[in-house]
Amino acid sequence: MRDLGVGFSYLMQGQRWVFRHGRWFGFGLLPGLVTLVLYAAALAGLVAGADDVTSWATPFADDWTSPWQGLLRGTLTALLFALGLFLAVITFTAVTLLVGQPFYESLSEQVDRTEGGRVPTSDLPLWRELWISARDSLRILLRVAFYGVILFACGFIPVAGQSVVPVIGFCVSGFFLTEELTAVALQRRGVPFGERLALLRARRLRALGFGVPLVLAFLVPFVAVLLMPGAVAGATLMARAMVPEGEAADAGAPGAAPQPPAAPQPPAAPAGATPPPVHWPEAGREG
């Protein structure tokens, strides 16, 4: 259970870091604000057109009398908006990280720089980094959707569906949110997607201590915008602890040159053996 507190401490350290470096806090807010505006516009459009969508989807109810027609279409409209809101919550972080890839890369590098030691950098072009980030985010979203379907079905189990299942859902979301945030720093260290998941599974409680509080906070989109810079900073600090300096960092880094094999060393002389005689070169004779 101690690891839960360790994960939460990384989250708090990240928030303190961005407040101590105010310029980077403002810098890290920009992607979240852009994404928030886009999502707000999309949700506003959904609210404006939800009635038309439900009317189009239920032509069989055109001849129904009141209140049944209004009850059916009102319920479907509410469900449609709830679905849109749910998708917005679970995709907000992934889209923000994708939109803000250059911003968060710079912020993460600055955290490494201020903490001292090695500052890994990626030699990949921006389009390649965006492609890798989008591909990995899609993998995460597919996993979240898979677990979401299972947990939705389990939600119909009496008692457990209303108590245990929501807790498991928050834990699943928190784990994968931690993966998305630590990916900013781990990708620069050359750690591929599968190895990142393995690193976090080995520290599952630490990942939950970091991610679950963020999931709860991210249910309010504006709070998500405010916490995102500190979340990236804290995830970088966690990544530094997961992959210490020099531990397989250079070998997997993009663009890193392969290290030449070490030269073979002569076998050591056995203990007590007489060392071989030393032959000194003869000095040159004069004239």
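Tutor: pLDDT is the predictor's confidence in each residue, from 0 to 100. This is a predicted model, where local features need pLDDT of at least 70 and side-chain atom pairs count only at 80 or more, while totals for chains, interfaces and linings use all residues. Residues are numbered from 1 along each chain as its sequence is written, and side-chain values use heavy atoms, without hydrogens and water.

Student: Where in the protein is confidence lowest, and where highest?

Tutor: The lowest mean, 42, belongs to helix α10 (residues 249-252), and the highest, 92, to α1. A helix here is a DSSP run of H or I with at least four residues, numbered from the N terminus. Residues 278-287 have a pLDDT below 50 and zero contacts (heavy atoms within 4.5 Å) beyond near neighbours in sequence. Where pLDDT is low, the coordinates should not be read in detail.

Student: Why are α1 and α2 called roughly perpendicular?

Tutor: Helix α1 (residues 2-20) and helix α2 (residues 22-57) pack at about 110°. Axes are lines fitted to C-alpha atoms over the stretch in contact, with angles from 0 to 180 degrees between N-to-C directions. Roughly perpendicular covers 65 to 115 degrees, so α1 and α2 qualify.

Student: What makes the contact of α1 with α2?

Tutor: W17, V18, F19 and R20 of α1 meet G22, W24 and F25 of α2.

Student: How do you know that α6 bends, and where?

Tutor: The bend is the angle between axes fitted to the seven residues ending at a residue and the seven starting there. For α6, this angle is about 45° at T182.

Terms used
Helix = DSSP H or I, 4+ residues; strand = E, 2+ residues; numbered from the N terminus. Parallel < 35°, antiparallel > 145°, perpendicular 65-115°, else oblique.
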